[in-house]
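Here is a short tour of one structure, grouped by topic. Have a look at the model first, then follow the points below.

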Amino acid sequence: MFRLFKVTQLLFLGLLLFPSLLLAHDVSSGDQQILNDGGLLSYVWVGAKHMLTGYDHLLFLAGVIFFLKGFRDIVKFITVFTIGHSITLLGGTYLGIQVNEYAIDAIIALSVLYKGFENLDGFGKLGVKSPNLLGMVFLFGLIHGLGLSTRLQSFEMGQDQFLLKIISFNVGVELGQIAALIPIILLINSWKGKSSYAAFYKASNVYLMIAGIGLFVYQVYLFFTHSH
């Protein structure tokens, strides 16, 4: 039973880490070609693909789900996160607000670290009151949205149906988010109540912290080596 738990746990963590190893989250020439050849639906597709390979976004959301109890809580917090990232994705792209992609991704990496730290009662152990979770999820949603906007602005979109293209990309992001979260929610919820859950919870959130630190260091490295 213990071996099965360890294998399943490693698979779960590996699935979360695998996209980052491929760096599939980056903008590709293939995606640009899809947008050039297709209409609005191509923006939906690329948006969904971007979120499904958006390991930093999904790691943060996985951390949020760990802390929640019940379906209503999950819907409430994911909705708040969605509103947050939709505001900055739509507004940032439409207004042409430019942010350094490596800097914003470094901050997003810190949000992953933050969530793992909070889940492990890091603030309590320091004797500090934890910030309001719903407010922090909204704040990080705004930050994640800027990251998504930066990626979208990396594409050549043209001016024809510009707003509709942004909205279509955002719709794709939401669909990709739902598709990615369903198996994560099912796995975490199915594990709750089992004797191995406490170990799974601790190991997974330690991993979130390690992944957040690793992604932060990597993005800072890219910032200093690729920025001009």
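Let's begin with I97, which lies in the loop between α5 and α6 (101–119); helices here are DSSP runs of H or I with at least four residues, numbered from the N terminus. I97 is partly exposed, with a relative accessible area of 41% (buried means under 20%, exposed over 50%, partly exposed in between, with a 1.4 Å probe and protein chains only). This is a predicted model, in which local features need pLDDT of at least 70 and side-chain atom pairs count only at pLDDT 80 or more, while totals for chains, interfaces and linings use all residues. Residues are numbered from 1 along each chain as its sequence is written, and side-chain values use heavy atoms, leaving out hydrogens and water.

**Nonpolar surface patch**
- I97 is one of the residues, along with Y94, L95, L163 and others, that make a nonpolar surface patch of about 1000 Å² (patch residues have over 30% relative accessible area and no salt bridge, and nonpolar side chains are joined within 5 Å).
- Helices α5 (71–95) and α9 (162–191) each supply at least two residues of this patch.
- The largest share, eight residues, comes from α9.

**Aromatic pairs**
- The count comes to twelve aromatic pairs (ring centres within 6.5 Å; planes under 30 degrees apart are stacked, over 60 edge-to-face, the rest tilted).
- F60 and F81 form a tilted pair, at 5.6 Å centre to centre and 35 degrees between the planes.
- This pair links distant parts of the chain, with F60 in α4 (residues 55–67) and F81 in α5, 21 residues apart.
- F60 counts as buried at 1% relative accessibility, and F81 counts as buried at 1%.
- F60 and F81 also belong to one aromatic cluster with Y114, F117, F123 and F140.

**Salt bridges**
- The whole structure holds five salt bridges (a Lys or Arg side-chain nitrogen within 4 Å of an Asp or Glu carboxyl oxygen).
- D31 and K49 meet at 3.3 Å, N to O; D31 lies in α2 (residues 29–37) and K49 in α3 (residues 40–52), so the pair ties together parts 18 residues apart in sequence.
- D31 counts as buried at 6% relative accessibility, whereas K49 is partly exposed at 30%.
- D105 and R151 meet at 2.7 Å, N to O, and both residues are buried.
- K115 and E118 meet at 2.8 Å, N to O; both lie in α6, three residues apart, about one turn of the helix.

Notes. Patch = residues over 30% accessible without salt bridge, like charges linked within 9 Å, V, L, I, M, F, W, Y side chains within 5 Å. Areas by Shrake-Rupley, 256 points an atom, 1.4 Å probe, with all protein chains shown as cover. Phe/Tyr/Trp six-rings, centres within 6.5 Å; stacked < 30°, edge-to-face > 60°.
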